[in-house]
Amino acid sequence: MKVIGKPRRRVDGRAKVTGLTRFADDVVLPRMLHMKMLRSPHPHALIESIDVSRAAAYAGVHLVLTGKDFPASFGILPITQDEYPLAPEHVRYIGDPVAAVVARDEQTACEALELIEVRYQPLDTISSPEEALAKPEPRLHAYSERGNIHRLQAFQFGDADAAIAQSDYVFEDLFFYEGNTHLPIEQHACVAALDADGKLTLWSSTQVPHYVHRALARVLQMPASQIRVIATPNGGGFGGKCDVCNHEMVAGKAAMMLGRPVKICLTREEVFYMHRGRHPVLMKFRTGVSKDGKLTGMHLQTLVDGGAYGSYGVASTFYTGALQTVTYELPRYQFEAARVFTNKPPCGPKRGHGTPQPRFGQEIQLDKIAERLGKDPAELRLGMLVKPNSLTANWLKIGSIGLEQCIRTVVERSDWKQRFRKMGPGRGLGLACGSYLCGAGLPIYWNKMPQSGVQMLLDRSGQITVFCGATEIGQGSDDVLAAIVAEVLGVDPQEVRCITGDTGITPVDLGSYSSRVTVMMGNAAIHAAEKLKAMLAEAAAEELEVVPDRLQFANGHVSFDARSLTFAEAVVLAEVKFGTLGAVGSYSPPRAPGRYKGAGVGPSPAYSYSACVVEAEVDAATGWIRIPKIWIAHDIGRTINPVLARGQVEGSVYMGLSEALMEEQVFRRLPAKLSRALVHKFPSLLEYKSITSLDMPEVDTVLIEDPDPNCPFGAKEVGQGPLLPVMPAVANAIYDAVGVRIDELPITPDKVMRALELKAAGKPARVGPEHFPAVPYPAPIVVPPPWEGGDGKEAKRDDAAAVV
Amino acid sequence: MTRAEISLSVNGEPVEVTFAPYKTLLELLREDLALTGTKHGCELGECGACAVLIDGEPQLSCLLLALECAGRSVETVEGMAESWQSGAGLHPLQAAFADLGAAQCGYCTPGILLTAKALLAHEPEPSRERIQEAISGNLCRCTGYQQIVEAIEEGARRMADESHR
Amino acid sequence: MMRLPWFEYRAPETLAEAAQILAGEGANAALIAGGTDLLPNMKRRQMAPRVLVSVRQIPELRRNGSVLGAGVTLTEIVHKPALPLGLRQAAAQVATVHLRNMGTIGGNLCLDTRCNYYNQNYEWRKAIDFCLKKDGDICWVATASKRCVAMSSTDCAPALLALGARVRLVSATGEREIALEDLYNNDGIDYLRRRPDEILTELSVPSAPSNYWKLRRRGAFDFPVLGVAAALIDGSARLALGAVASRPFLVDRANDFLRGKALSDEVIEEAGRLAASRAKPMDNADLDLYWRKDVSAAFVGYALRELRGDDMRETRRRITRYQPA
């Protein structure tokens, strides 16, 4: 291959280093007005009245909007359309928007906000999952499954409890993964404007223009054909711009009403309130293990703190259990989950979406298992890897799996065998693995249309233009698109013009989430490019007097031996022969074998795998942690651009390490006798800690290529999977260094010191959750695994009994 | 609403500008001079995205009163290529950043480029540790910093090579 | 975008003129030098002075010889080998490269006290009904407290206290020179004994072997959650602590103990114990407060061992993550 796999400057590299990349807040239009939103200062309250008269009369103010102006709700999932652009009567967290002012400039809008008088009737604050379980009232949402329990899920794939009970060893562990947020350096921004035809255009820093497009049509109650959403390149996303946002809806409405462009850029504090980040998850793992180191069964329970709204939460909750089966062979598996509502900013998808939390628990538990069995943790894992081209207990189809090579690579490069458990006091190594989707198998709203579409145009100058709804969020999706087209047509990627993320002119792609872009957009791009290649080949073959199959497309030429045309010459011949040249391609993932209710979360065209070794130094006197080096190997299937792929891996390692050591989106409940307040502890870039260049260790990255037949040129995802093993590998390394278990994130020096003190006192050297509350999980949906004669469907109750 | 007026040098050119006096240099550049290459992530001095060069030294434009920039020389990312007399080309640091994956989303990139440029003006061959220290006031959420550090090393090499030519 | 409130801007060119403006405006005026502390506070509406008096053009504040003008930047201090190492190490660990290029030594000494309930936007503070330090009646850190417990967060002050620095304050009615120690009150609100009409113009900094150890989560950006400064004065080690009270202070009990003693391991351990007993961190800053108190003895140990001449580079690499100055 000429392009795929070769290190290159990304196609949008020049724009990004010259300051010319136009982010949403860089969009400036004539007569543009500026918007600010008034947000609730109460965590939970009913709105009694809103008086906007003084704000509306303030000099320079053009419009004031409140909940009354928005009759329709919205939400990212069809089953949780529970948000309003501005809250009409019920506010559910500090920061919930209640009104908006549009003014000549931002300063004036801010001043006018202070003139809006809102009278609230405060309600009791639900501040934690325990409280949500205990207090059904006041209820955050009438639609919840039960009191303040948003959603309950339970599945049984074979009788896990029986299998565990019969095992040689049983391990039961509690883990807690604190919530954290995406923290893109670019704050969310959007500009809404009417175009010359009176149609609405919204430029927004969103990862999902298609979903924003649909939500705008619903909220503004106008035809989608009258709305165009342009996703500007995102200044970092990480899942934080995957939801449809209040400010996008309100700006759209304001522009429609005023006929003038309206901009809003959130402050950093508001970005923390927008959140949609990592859910805090409490987990209980009960795992059976045989003497020879095989898993016999797992019973996983999770309790998920959802915050105030649905967001992606139902899917996030499924993901706390869906992927436990795709890494290690697990013959029987029971999974129960609950998501609760609390008066905090809503949680949603962050890099790894719902899977880093159980991955943290599982990989630490494996470390404990290896120790008890007297096995090397790497060897233990190697002995239980999922087989390629197999089905899991919960009916997920595994394709390629390069995990064995990943493990062997990091073990060798970190000199694991010589150093693990042998580094002396205060120094240690920890290993962990992970796996992730290459695109969610199902779209967010039910439909049978393609999940990614690509359209291509060739013109007689040889110019190649590719249109796709995929969104550039920094990960390099434009570069992947250009590279794939360039590979097929034998040109330089810099010759390909990418027009992406614009619902007005690009075919639908569902967006940049679930690591779906490379696989789905890539397959659609190959589909389109191959059609054009065939036309070019046919026309060129006539000219060169060869059969089309023999032609080579490479280096900007179409040739057979010495006979050669430039690419542009071939285009001209094809245009003569076929007329104007264009082609479309589309991609739908293969249908997953699972047929039970809930089987929609987990399937993917392919799964990526990673293995990671972390080295840690821990000061026994202070608990201070230093991470000198991290080794990671990622099964990428095939590398499209090694420069970008390495960047995705290292960026994932960075973010995982930052989550492991310091990141936490936490809240402060003021003393209940004195206040109802439940505030974000520190919504700032200074006090929400993320690691700097001085805290970042050297990362040794290896890309393992095990091409997957479902993927374009075999290329799997690389943007999320490499994050997953980092957090548990840090925890395992700390254990190797000082012999204490920190079973919760983040792992801070005070927790290490507390555990060291417990150890010195002869108590269990562990800091982590002590208690898992009683959760009213329902009777599980019983689905016999493939090896118990199931067909992927839910067993009738009687059948289920028979299976047992 | 009284407006302020100052003269300053921006990317080597004299500029006279009137503006609302509460504005910081960040607002002045982005809103009054249409130089949107300078980014913002907090406006409180907590991220480094808005870094520009003031008389050659990296400072945060979000915490500089525009009023206090009268008579001073400001360099933004838009002026980098020209400062190397590259015209339509790129400053060697910019080229290295583009080639080596130092810019993923590109949002923290302008601030880091200018910070790196100032470092190399003082220390043409900085150690890896010095580079990490110099850019530790610029948060990046995409890269994990390693490719940025490597690009600064490569940029330094290319600057040396091009200067010797 | 966070924006500043409206203000009137004055840029006097002489000290006398600046002092006159302050005399006239009183508490309505704020001095601005680097602006790195004041402007975030103004953007968050913790302060909204009617008049900003820039001291940038006043030549006295730019002196950088045997006396140190208060307007000298932290970067300039780092790069002035004639200054004692402890001060340079402290300056080198303030915030970030960019902020050190802007922020001044005078500004760092007068740094507003900090608290997680106070260093928040107006909307956040409204949600808790404000706090004792600004617009409210309750100290949320210690609800029974009548005194604001916001934390002194200056890095340079402990270093200068250990060295025995003095500062000059000038007003329209006169000037005075005081020991730096006497600049501070242990009160989160009324934390400076500088009168509103006074300008901190310069410092005199005695030379002595000295060092500064800063505890913070990350290698950059963060304010200290513990600062330990040590200096060798007349043959005796002297300790000052920062970020464990509303003022930086000389640790008298430890210093009395240290006077005349050689820095043996036992002496260092006892000094660490004595100093740690004086550290009173509160739950209003980063990291667990009990842990912060627990490790203060270890940090005192680092400082005294380094002062003794031990090779502490490896510990520096772990804690500080670079070699400051």
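**View 1. Pro324(C) sits in the segment after H13 of chain C.** This is a predicted model, and here we zoom in on one proline. Is Pro324(C) buried or exposed? With a relative accessibility of 0%, Pro324(C) counts as buried, because the cut-off for that label is under 20%. Leaving aside residues up to four places away in sequence, Pro324(C) touches Gln89(C), Ala92(C), Gln93(C) and Arg316(C). For a sense of scale, take Leu52(C), 272 residues from Pro324(C) along the chain: the C-alpha atoms of these two are 33 Å apart.

**View 2. Chain C meets chain A.** How many residues does each chain bring to the contact? Chain C puts in 42 residues, and chain A puts in 41 residues. Interface size is often quoted as the accessible area lost when the parts come together. For chain C and chain A, the buried area comes to about 3600 Å², with 57% of it on carbon and sulfur atoms.

**View 3. A salt bridge links Asp695(A) and Arg321(C).** In this pair, the closest N and O atoms are 2.7 Å apart. Across the interface of chain C and chain A, five salt bridges turn up. As for polar contacts, the count between the two chains is 17 residue pairs, with both residues at pLDDT 80 or more.

**View 4. Here is the side of chain C that touches chain A.** Which elements of chain C give two or more residues to this side? They are helices H7 (122-127), H11 (289-294), H12 (296-308) and H13 (313-319). Sorted by class, this side of chain C has 22 nonpolar, 15 charged and five polar residues.

Definitions and conventions. Residues are numbered from 1 along each chain as its sequence is written. Chains are lettered from A and ligands numbered from 1 in the order in which they are written. This is a predicted model: local features need pLDDT of at least 70, side-chain atom pairs count only at pLDDT 80 or more; totals for chains, interfaces and linings use all residues. Side-chain values use heavy atoms; hydrogens and water are left out. Contact means heavy atoms within 4.5 Å. Buried area is the accessible area (1.4 Å probe) that two parts lose on being put together, summed over both. A salt bridge is a side-chain nitrogen of Lys or Arg within 4 Å of a carboxyl oxygen of Asp or Glu. A polar contact is a pair of N or O atoms within 3.5 Å; within protein, one must be able to donate a hydrogen and the other to accept it, and residues adjacent in sequence count only if both atoms are side-chain atoms. Helices (H or I, at least four residues) and strands (E, at least two) are DSSP runs, numbered from the N terminus. Ala, Val, Leu, Ile, Met, Phe, Trp, Tyr, Cys and Pro count as nonpolar, Asp, Glu, Lys and Arg as charged, and the others, Gly among them, as polar. Buried means under 20% relative accessible area, exposed over 50%, partly exposed in between (1.4 Å probe, protein chains only).
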